[in-house]
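Colleague: Before we discuss charges and cores, could you show me the model and take me through how such features are read?

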Amino acid sequence: MTGPLTTVSSLDLSAGRFGRSVPWETFARLRRDAPVCWYEDGGCWVISTHALVGQVNRDFRRFSSASGIAKPGDPTRGRKRVPVEMDPPEHTRYRSLVNRSFAPSAVRSLAGTVERITGDLVGAFRAAGGGDLVADLAGPIPFQVMAHIVGVPVTDATQVTAWGNTVTSNQDPDYRPSPDAVDRARRDYTAYCHAVVAERRSAPREDDLLTNLITYQDEDGWRLSDDELADYVETLLTGGTETTRHLIAHMIALLAENPAELDRYLDGSLDADQVVNETLRMASPVMQHGRTAQEDVELAGQLIRTGDRVTLWMVSGNRDDAVFDDPDRFVAHRDNSKLMSFGSGGPHYCLGAQLARLEGRVVLEHLRPVLRSIEVGAPERVWSNFFNGVKRLPVAIR
Amino acid sequence: MRVSADVDRCMASGQCALLAPEVFGTREDGTVVLRRSAADETERDRLQDAVDACPAAALSLSDA
């Protein structure tokens, strides 16, 4: 395509399009020519520059999460999902109940657990000579860590992962073989989360996040409802697994594609943190999230009207050359302090950001001995315009 | 020990106010406001957590 982006019919940000690849050139053109662009097929505004994505994300009063962030709120729910579909001050109350459990110090105290889980799974992967990195490592590691935090059996991994795959935003025929597959998965996943809460209520545990949520009461006697508790379970299980899985898969794929950077990691010029952060920037596992305008707002010469859906594309902001030099190159020693992969402002900043980074570092360090001798196949992508997802990544250890 | 906050860097994530509300507050727009800038040694761990959690690296502690 040449010339300025003037017609929205040339814009394709469908899930199917992303199933092929992230449309990097499209985002580059949007950033240059139409950083606030109405996308007819999606019924939403597409915001693509680093500056504007951050500005709108921070502006939680005028751009609300209360009508859903992946797509307009599911009408059958009739209530807002805790806490992702809330705004301050309501959001603050719910977020404050879990924040301390994911603070940097809390995450450091999980390091032993993350090491143990990763060591076992990487050991098995190496013994098997490799396999599917997603099914064998990238999926199970974050799930088992989250299962430890929430207190559900590790053996629930396959079922919960399958539900998560189906209910999160995608149009992937593997994950959503039929429209009623989605309804069924939503129902069954919700029922599972309620069952987890009920079990914990009947058998409370010490030093346990979920038990603390169940028994929490504020000074007015307000407690969390069963629906709200089940929401927490689902948000933690899904939020902690759907996302980090893609981070780990992308990291291995990117190192395989960038042997000079791999060498620099292996010779100690780069540390694991730098590799993880550059992967976060390049891959942006959560590519975008949506907000709903609460009033008319003029932005970059466009008029966003009350009720308009606005999508903020962190995957594009992370490639903005106004902030990152040579943004499409994997350069792990760059200054990544402005990456937007965990959010770019406002109170919904990723609860698990520190935990995700820890998991990324630990798996990289455990794979370090074999990184020179692995053969990485082509990643099979998830059909989603929400996650930059990898479904399968064949890896052979020679 | 002194606490400082760079409001220009702040991205209104509110993490500091959730972790150490006795020192960090938020304005209407969610950006940080310091309730006080002096802290004693017993508060170090808790305040360091808030500093580490800030996604914009807008906070710092100094021995002054």
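Modeller: A salt bridge is a side-chain nitrogen of Lys or Arg within 4 Å of a carboxyl oxygen of Asp or Glu. In this structure, A:Asp326 and A:Arg329 are joined in that way, with N and O 3.0 Å apart. This is a predicted model, in which local features need pLDDT of at least 70 and side-chain atom pairs count only at pLDDT 80 or more, while totals for chains, interfaces and linings use all residues. Residues are numbered from 1 along each chain as its sequence is written, chains are lettered from A in the order in which they are written, and side-chain values use heavy atoms, with hydrogens and water left out.

Colleague: Is A:Arg200 buried or exposed?

Modeller: Buried means under 20% relative accessible area, exposed over 50%, and partly exposed in between, using a 1.4 Å probe and protein chains only. A:Arg200 is buried at 1%; A:Arg200 forms a salt bridge with A:Asp208 at 2.9 Å between the closest N and O atoms, and A:Asp208 is buried as well. A:Arg200 also forms a salt bridge with A:Glu199, at 3.3 Å, and A:Glu199 is partly exposed at 35%.

Colleague: Which residues touch the most other members of the largest nonpolar core?

Modeller: A nonpolar core is a set of buried Ala, Val, Leu, Ile, Met, Phe, Trp, Tyr and Cys residues joined through side-chain atoms within 4.5 Å. Here the largest has 103 residues, of which A:Leu133, A:Leu237, A:Leu355 and B:Phe24 touch the most other members.
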